[in-house]
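Hi,

Here is the structure I promised to pass on.

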Amino acid sequence: MNDTNFPDTMQSRHSRTDIPAHWPERTLVTGMDSYYLTKSWKGKRQYVVQRDGGWCRYCGGRGVQADHVVPRMRGGSDKVKNLVCSCPTCNRIAGNRVFRSIEQKRAYIRRQLGMDTT
Ligand SMILES: [Zn+2]
């Protein structure tokens with residue numbers, strides 16, 4: 001097991017010799033929260049992405065991140081039941097907004113993306 005499998009930093013882009021093919025060129029963590037640099041988080045993120053088949057639960061695109069349905073900055077749990085596979089775009093759109101359910105969150109994001117406009 002080797003941390004370079006899960007690039008989190010700009011620097012890692014220059015030493016990506018054994019990144020699995022399904023990981024993107026850049027897997028950047030946008031938050032300032034150092035939790036996202038821990039082994040614990042990396043393991044959960046890998047689990048959630050695999051559990052959800054690598055598809056973003058919001059837009060249906062390719063997902064490479066794990067998103068807190070309830071943001072951890074708002075008291076959301078770090079348990080995997082509060083995590084879903086997400087693409088960087090949806091993760092960014094959601095930000096630290098709080099929704100009553102994942103369905104509401106998905107609807108909000110899809111509206112922002114211009115999907116489901118009816
Ligand atoms: Zn998405």
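Predicted model: local features only at pLDDT ≥ 70, side-chain atom pairs only at ≥ 80, totals over all residues.

Below is what I found, going from the whole chain down to single residues.

First, the ground rules. Residues are numbered from 1 along each chain as its sequence is written.

On confidence: pLDDT is the predictor's confidence in each residue, on a scale from 0 to 100. The chain averages 82, and 71% of the residues score at least 70. Residues 1-5 fall below 50, and this stretch has 7 contacts in the model beyond near neighbours in sequence. Residues 9-16 also stay under 50, again with 7 contacts beyond four places in sequence. A contact here is two residues whose C-beta atoms, placed from the backbone, lie within 7 Å.

**Overall layout**

The chain has 3 helices and 2 strands, in the order α-β-β-α-α along the sequence. Helices (H or I, at least four residues) and strands (E, at least two) are DSSP runs, numbered from the N terminus. Of the 118 residues, 21% count as buried. Buried is 20 or more other C-beta atoms within 10 Å of a residue's own, exposed is 12 or fewer, and partly exposed is in between, with C-beta atoms placed from the backbone. Among contacts with a separation of 6 or more, 44% are between residues 24 or more positions apart.

**Helix 1**

Helix 1 covers residues 39-51, which is 13 residues. From first C-alpha to last it reaches 18 Å, close to the 18 Å expected, where the expected span is 1.5 Å times one less than the number of residues. Trp41, Arg45, Val48 and Val49 are its buried residues. They sit on the same side of helix 1 because they cover an arc of only 95° around the axis, the arc being that of the directions from the helix axis to the C-beta atoms. Strand 1 and strand 2 are included in what covers them. On the face turned away from that buried side you'll see the exposed residues Lys39, Ser40 and Gln50. After the helix comes Gly53, with a positive phi near 75°.

**The two strands**

Strand 1 (residues 65-68) and strand 2 run antiparallel, joined by 4 bridges; strands count as paired if DSSP finds at least two bridges between them. His68 stands opposite Leu83 in strand 2. Strand 2 takes in residues 83-86 and is covered on both faces, with Leu83 and Cys85 buried on one side and Val84 and Ser86 buried on the other. In a regular strand, side chains alternate between the two faces of the sheet.

In the loop between the strands is Asp78. Asp78 counts as partly exposed because it has 14 C-beta neighbours inside 10 Å.

**The core**

Which residues have the most contacts inside the largest nonpolar core? They are Val48, Cys56, Cys59, Cys85 and Cys90, in a core of 13 residues. Helix 1, strand 2 and helix 2 (88-94) each give two or more residues to it, and the largest share, 3 residues, comes from strand 2. By nonpolar core I mean a set of buried Ala, Val, Leu, Ile, Met, Phe, Trp, Tyr and Cys residues joined through C-beta atoms within 7 Å. Leaving out residues up to four places away in sequence, Cys85 touches a list that includes Val48, Val49, Trp55, Cys56 and Ala66.

Val98 lies in the loop between helix 2 and helix 3 (102-112). Val98 is partly exposed, since 14 other C-beta atoms are within 10 Å. Its contacts beyond four places in sequence are Val70, Pro71 and Arg74. Val98 and Val70 are 28 residues apart in sequence, yet 5.9 Å apart from C-alpha to C-alpha.

In helix 3, Lys105, Arg106 and Ile109 are buried. These fall within an arc of 100° seen down the axis, so they line one face of the helix, and they pack against helix 2. The face turned away carries the exposed residues Glu103, Gln104 and Arg111. Just after helix 3, Gly114 has a positive phi of about 80°.

Cheers
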